[in-house]
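Hi,

Here is the structure I said I would pass on. Have a look at it first, and then read my notes below.

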Amino acid sequence: QLHRTIEETYLYQARFDLADHHLRAALDTYQQLVGEQDPEFARSADLLAALLILKGDYFNAQSLSEQALAVYRREYPRGRVPASWYVAGLSESGLLKMTAGDIPSAEVPFREALDIGPKLVGNDRALIAIVLGNLGKAREGQGDFNEAESLYRQSIEVYRALPGRQRLELGTS
């Protein structure tokens, strides 16, 4: 957990190599302590996938994302995975599908994430705004501009309703 906290600090500073180092250390430690089927291992794999997406390494991000999502799917119904982790994993899965050019398939995890969305509260609702924006982009990419506009507007509403100051991601929507 300490490695993940340090990673988060470096990530917010855009020091991706140092963040990568600490996430890999967390992943290795969780693998040794609890194994690859544990939610904590999956969370570290998911965070590393998100970091690799930021670095443009979609190939390696894909396998980590799929591995984490498989654990989330199995453990979420058992109450062992927070809704926020599951939604984040689904969002990354959809984003990776869009990046690979498979826009119709990207909608499946985005819509699944929106189904879980009502369970998110507080700042975790930002994940729903992100998913709505990404789904809007997917619909726009398929020429459905009316639904895309509606999804972007919903995303903006969710961002504006978040506690605290406005988020930078609002500009994307």
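The largest nonpolar core in this predicted model has 46 residues. If you want a place to start looking, pick L48, L64, Y72, Y86, V87 and I116, which have the most contacts inside that core. At least two core residues come from each of these helices: α2 (16-33), α3 (39-55), α4 (58-75), α5, α6 (103-116), α7 and α8 (145-161). As background, nonpolar side chains tend to be buried together in soluble globular proteins.

Leaving out residues up to four places away in sequence, L64 touches L27, A45, L48, A49 and L52.

On the α3 side, the contact is made by P39, F41, A42, R43, A45, D46, L48, A49, L52 and I53. From α4 come Y58, N60, A61, L64, S65, Q67, A68, V71, Y72 and E75. Sorted by class, this contact has 14 nonpolar, three polar and three charged residues.

Next, have a look at α5 and α7 (residues 126-141). Here the angle is about 20° and the axes are 10 Å apart. Angles under 35 degrees count as roughly parallel, so α5 and α7 fall in that group. α5 passes α7 in a left-handed crossing. S84, V87, A88, S91, L95 and M98 of α5 make the contact, together with L127, I128, I130, V131, N134, K137 and A138 of α7. The classes here are nine nonpolar, three polar and one charged.

Is G94 buried or exposed? Buried means under 20% relative accessible area, and G94 is at 0%, so it counts as buried. Its contacts, again not counting residues up to four places away in sequence, are A106, P109 and F110. G94 and F110 are 16 residues apart in sequence, while their C-alpha atoms are 5.9 Å apart in space.

Cheers

Conventions. Residues numbered from 1 in each chain as written. Predicted model: local features only at pLDDT ≥ 70, side-chain atom pairs only at ≥ 80, totals over all residues. Heavy atoms only, no water. Buried < 20%, exposed > 50% of the residue type's maximum accessible area, 1.4 Å probe, protein only. Contact = heavy atoms within 4.5 Å. Axes fitted to C-alpha atoms, helices over the stretch in contact; angles between N-to-C directions. Helix = DSSP H or I, 4+ residues; strand = E, 2+ residues; numbered from the N terminus. Parallel < 35°, antiparallel > 145°, perpendicular 65-115°, else oblique. Left-handed = near helix turned anticlockwise from the far one by under 90°. Nonpolar A, V, L, I, M, F, W, Y, C, P; charged D, E, K, R; others polar. Core = buried A, V, L, I, M, F, W, Y, C linked by side-chain atoms within 4.5 Å.
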